[in-house]
Amino acid sequence: MAVRQKLIRKSPEAVWAVLSDGDSYEHWVVGPSESEPADGRWPEVGSTLVYTVRIGPYELHNKTVVRRCEPPRILELEVDSGHLGTARVAFEVRPWGENTLLLVDEHPLRGAGAALHNVAVDAVIQLRHRAMLNRLAKYCATGGC
């Protein structure tokens, strides 16, 4: 289980505004080089983002589906990484004084990611989450929020 949190020095409403902006994901999520809303109105349940992940000369075309949305506090996504499988990624926005405590919780659901899930994989996910939350905090500090 990979759970991480970050204190972001912006209001919960400002952080939610970034989470609910499907066009912002390529700026703070680690991995995608391009992303865009596809189906539905992000972040309504069932809406999707499509994105490209480049690894050397290879490109992966993946998508993310909103599975649960309770504005302005809960956003749960199912990330479909093709042959690697799917994962549940949940964001919880908590007021922390005038700031925001943002929690991210990721679990593999199906495919190779779920079959090979172990403590070492969780450690890698933790590193990715740390980078992602730092990028989100920086994005907010420089005008994204």
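Reply: Start with aromatic rings. Rings of Phe, Tyr and Trp (its six-membered ring) pair if their centres lie within 6.5 Å; planes under 30 degrees apart count as stacked, over 60 as edge-to-face and the rest as tilted. The structure holds 3 such aromatic pairs. This is a predicted model: local features need pLDDT of at least 70, side-chain atom pairs count only at pLDDT 80 or more, and totals for chains, interfaces and linings use all residues. Residues are numbered from 1 along each chain as its sequence is written, and side-chain values use heavy atoms, with hydrogens and water left out.

Me: How are the rings of Tyr 25 and Trp 28 arranged?
Reply: A pair of aromatic rings is described by the distance of the centres and the angle of the planes. For Tyr 25 and Trp 28, the centres are 4.8 Å apart and the planes stand at 45°, so this pair is tilted.

Me: Are Trp 28 and Phe 91 buried or exposed?
Reply: Buried means under 20% relative accessible area, exposed over 50%, partly exposed in between (1.4 Å probe, protein chains only). Trp 28 and Phe 91 are both buried. Now look at helix 1 (residues 12-19): 6 of its 8 residues are buried, so it is largely enclosed by the rest of the structure. Among them are Trp 16 and Leu 19.

Me: Why does His 83 count as exposed?
Reply: Its relative accessible area is 82%, so His 83 is exposed. His 83 is found in the loop between strand 5 and strand 6 (86-96).

Me: What about Glu 78 in strand 5?
Reply: Strand 5 covers residues 74-80. Glu 78 counts as buried because its relative accessibility is 10%.

Me: Which side chains make polar contacts with Glu 78?
Reply: A polar contact is a pair of N or O atoms within 3.5 Å; within protein, one must be able to donate a hydrogen and the other to accept it, and residues adjacent in sequence count only if both atoms are side-chain atoms. The Glu 78 side chain makes one with the side chain of Arg 110 at 2.3 Å. Another, of 3.5 Å, joins the side chains of Glu 78 and Thr 86.

Me: What does Gly 31 touch?
Reply: Contact means heavy atoms within 4.5 Å. Leaving aside neighbours within four places in sequence, Gly 31 is in contact with Thr 52 and Val 53. Gly 31 and Val 53 are 22 residues apart along the chain, yet their C-alpha atoms are separated by 5.7 Å. Gly 31 is partly exposed, because its relative accessibility is 40%.

How values were computed: Helices (H or I, at least four residues) and strands (E, at least two) are DSSP runs, numbered from the N terminus.
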